[in-house]
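User: Could you take a close look at one part of this model for me, the charged pairs along its helices? I would also like to see how that part sits beside the rest of the chain.

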Amino acid sequence: MIFQILKSILILAGTITGVSIAYSLIDKYPQAVNELIPWENPHFILAGLLGFIGYLICSMIGRGLNEWLEKRIEETNVYNLTWSALGFTLGTIVANLLFIPVYILMFKGVGKFDLQDQYLNSLISMFYLVFPVLFNLLFAYLGVKILLRYKKYQNMAKGEEVKVSSKILDSSAIVDGRFADLFKLGFIEGNILVPNFIVNELMFLANSNDLNKKNRGQKGLETIEKLKKSFPDNFVIINNDYEDINEVNGKLVKLSTELKASLITQDFNTKKLAELENIKVLNLNDLSNALKPIFVSGEDVEIQIVKRGKEPYQGVGFMSDGTMVVIEDGGDHVGEVVKTKVNNILQTGAGRIVFCRIGEKKD
């Protein structure tokens with residue numbers, strides 16, 4: 001009901017604005033209007049036309065705003081609606097407090113424009129009414145957005161998201177950088193948490209005299225900036241620290257346990273320590289191995305032999321995904337593309353190795 005009243009006020013203001021502009025043009029340029037509209041009563045036609053345009057524009061804006069608000073309200077749970085109502089109230093209060101000096105000046109007539117055109121003069125009073133309403137709506141909207149953002153930030157810092165567990169990044173994952181692309185593509189969901197002691201570790205590496213460590217630290221800090229810009233609503237640096245624990249691995253494990261969050265790492269020791277504490281660990285190497293194609297014994301595989309293996313009769317090639325292929329009788333076919341049959345598959349900590357024998361050489 002309230003929104004319908006606001007919509008009616010908006011439409012009425014648009015219509016009156018169009019009609020007033022029309023009569024102002026007629027009063028200033030009567031000859032041009034008569035030439036432009038060569039019919040009887042051109043002033044009525046122009047006023048009706050511009051008034052209808054103002055009505056149409058404001059009606060479309062009001063209808064679109066109404067549909068957008070109804071959709072957002074239906075998709076928002078009661079908890080968020082309560083926070084939104086509180087933000088709306090606070091925003092309106094702040095807007096009126098800031099507008100008190102303007103109200104006083106308007107009441108005393110300070111700054112009132114006295115235009116020569118009587119029709120445009122009639123719009124001044126209407127704008128004195130419409131402008132405060134728009135100012136209140138703007139601050140109410142800002143109040144809702146700020147309060148919801150604050151509530152979401154607090155939940156992120158406390159790890160209270162119920163749908164998807166938060167993800168804690170360690171320095172190895174940040175330096176790797178590929179996880180940022182997985183977050184962007186939506187393969188990894190949830191909030192991204194980076195402990196402050198990890199940021200300090202990266203800053204220490206960036207200031208190191210060792211060139212390799214310095215590059216790793218700088219790359220890690222650049223990745224953090226990238227995550228901040230790409231996920232402003234899902235990225236937070238938390239200040240949780242444990243002075244009684246000296247090792248970073250132990251701090252990460254304890255933090256993940258307290259927040260019930262998953263740990264993203266590329267470090268083997270951190271991964272094993274977290275798994276001992278029943279913490280869910282995401283490792284990009286494991287993901288890469290899982291995405292590699294699975295071969296079965298007897299399957300035909302075409303591969304280019306790029307070098308000899310450990311034994312003179314062995315040849316070594318690589319699949320497009322980096323999987324190593326050892327060809328038992330391929331030592332004499334280096335540089336050639338051969339058709340092989342899979343004999344065996346060996347899974348190692350570094351990845352998967354496929355053992356084959358040449359079935360037919362390909363020209």
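**Salt bridges along the helices**

Analyst: Glu-275 and Lys-271 form a salt bridge, with their closest N and O atoms 3.0 Å apart. Please keep in mind that this is a predicted model. The two residues lie four apart in helix H11 (residues 268-276), so about one helical turn separates them. An α-helix has 3.6 residues a turn, so residues three or four places apart point the same way.

Lys-271, at 12%, counts as buried, because the cut-off for buried is under 20% relative accessible area.

Let us turn to helix H9 (211-230). The side chains of Lys-228 and Glu-225 meet there in a salt bridge (4.0 Å, N to O). These two are three residues apart in helix H9, so about one helical turn lies between them. Lys-228 is partly exposed, with a relative accessible area of 36%, and Glu-225 is partly exposed too, at 39%.

Which residues of H8 (residues 196-206) are buried? They are Phe-197, Ile-198, Val-199, Leu-202, Leu-205 and Ala-206.

Strands E1, E2 and E3 belong to an open sheet of five strands, ordered E3-E2-E1-E4-E5 with parallel pairing. Its edge strands are E3 and E5 (281-282), each of which pairs on one side only. Strands E1 and E4 (residues 262-264) run parallel and are joined by three bridges. Lys-167 stands opposite Ser-262 of E4.

Leu-10, Leu-49, Phe-52, Ile-53, Tyr-55, Leu-56, Ile-57, Met-60 and Ile-61 make a nonpolar surface patch of about 820 Å². Helix H3 (residues 42-75) gives the largest share of this patch, eight residues, and Ile-61 is found in that helix. Over in helix H5 (residues 118-158) lies Ile-146, which is exposed with a relative accessible area of 57%. Ile-146 and Ser-84 are 62 residues apart in sequence, yet their C-alpha atoms are 9.4 Å apart in space.

To place all this in the whole chain: there are twelve helices and ten strands, and buried residues make up 35% of the 363 residues. Of the contacts between residues at least 6 apart in sequence, 62% join residues at least 24 apart. The accessible surface comes to about 22900 Å², with 60% of it belonging to carbon and sulfur atoms.

Key: Residues are numbered from 1 along each chain as its sequence is written. This is a predicted model: local features need pLDDT of at least 70, side-chain atom pairs count only at pLDDT 80 or more; totals for chains, interfaces and linings use all residues. Side-chain values use heavy atoms; hydrogens and water are left out. Buried means under 20% relative accessible area, exposed over 50%, partly exposed in between (1.4 Å probe, protein chains only). Contact means heavy atoms within 4.5 Å. Two strands pair if DSSP finds at least two bridges between them. Accessible areas come from the Shrake-Rupley method with a 1.4 Å probe; for residues, only the protein chains shown count as cover. Patches are made of residues with over 30% relative accessible area and no salt bridge: like charges are joined within 9 Å, nonpolar side chains (Val, Leu, Ile, Met, Phe, Trp, Tyr) within 5 Å.
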